[in-house]
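Here is a short report for a reader new to this structure. Take a look at the model, then read on.

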Amino acid sequence: MGPVAVLLRAGAVLAAALLLVVLGVRHVSPVPDLVLVLVVAWALLRGPVVGAAVGLGAGWLLDLVPPGSGHLGVLALTYAAAGALAGRARVEGPVSALRVAGVALAASAVVEGVVVLGALVVGAPVALADVALSCLLTATVAAVVVPLVVGAERGLVRRRYG
């Protein structure tokens, strides 16, 4: 992976994180986790190690972008675990949208589960219906977006290496 490719991927994650912040400021709720969709895409393409690494970086970014996390590093470790989980589902060749949605649903359940546990520990109210809807929205968006991201990645590799 060259430095330009890493910068493009980081830019995509940053754009997704900023879009989540803008939607949060506009009080749009629930929203799909667009950052997790990108983590799942690259995890399914490259495997659990890259999924965990991308998840760790994306989680650190989300820890730092407002409103952030109550404890620095919690989202980083959570997204790393979700990326590693998604990478374990990697298969060679084309992947069905149903499989992508299932993997994204599982990864979203990991992320949302940790957020819910954190809220319950401090006694904050939790809207389980919103959490479930957010997981379903993330899985639905992933079923559409992940094949596009994977196709673009494979096209770039094919174009670069013939």
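## Tyr-79 and its contacts

Tyr-79 touches Asp-33, Val-35, Leu-36, Val-39, Gly-55, Leu-56, Gly-59, Leu-62 and Val-111, leaving out residues up to four places away in sequence. Contact here means heavy atoms within 4.5 Å. Tyr-79 sits in helix α4, residues 74–88. Helices are DSSP runs of H or I with at least four residues, strands are E runs of at least two, and both are numbered from the N terminus.

Tyr-79 is buried, at 4% relative accessibility. Buried means under 20% relative accessible area, exposed means over 50%, and partly exposed lies in between (1.4 Å probe, protein chains only). Gly-55 is 24 residues from Tyr-79 in sequence, yet their C-alpha atoms are 4.5 Å apart.

## About the model

This is a predicted model: local features need pLDDT of at least 70, side-chain atom pairs count only at pLDDT 80 or more, and totals for chains, interfaces and linings use all residues. Residues are numbered from 1 along each chain as its sequence is written, and side-chain values use heavy atoms, leaving out hydrogens and water.

## The nonpolar core

Tyr-79 is also among the residues with the most contacts inside the largest nonpolar core. That core has 37 residues. Helices α1 (3–25), α2 (34–46), α3 (48–64), α4, α5 and α6 (128–161) each supply at least two residues. Helix α2 gives the most, with 12. A nonpolar core is a set of buried Ala, Val, Leu, Ile, Met, Phe, Trp, Tyr and Cys residues joined through side-chain atoms within 4.5 Å.

Val-146 is in contact with Val-37, Val-40, Ala-41, Leu-44 and Val-100, setting aside neighbours within four places in sequence.

## Ser-108

Where does Ser-108 lie? Its place is helix α5, residues 97–122. Ser-108 is buried, with a relative accessible area of 1%. Apart from neighbours within four places in sequence, Ser-108 is in contact with Leu-36, Gly-113, Ser-134, Cys-135 and Thr-138.

## The whole protein

The protein has 6 helices and 0 strands. Along the sequence the pattern is α-α-α-α-α-α. Of its 162 residues, 39% count as buried. Among contacts between residues at least 6 apart in sequence, 68% join residues at least 24 apart. The C-alpha atoms fill a box of roughly 55 × 30 × 30 Å along the principal axes.
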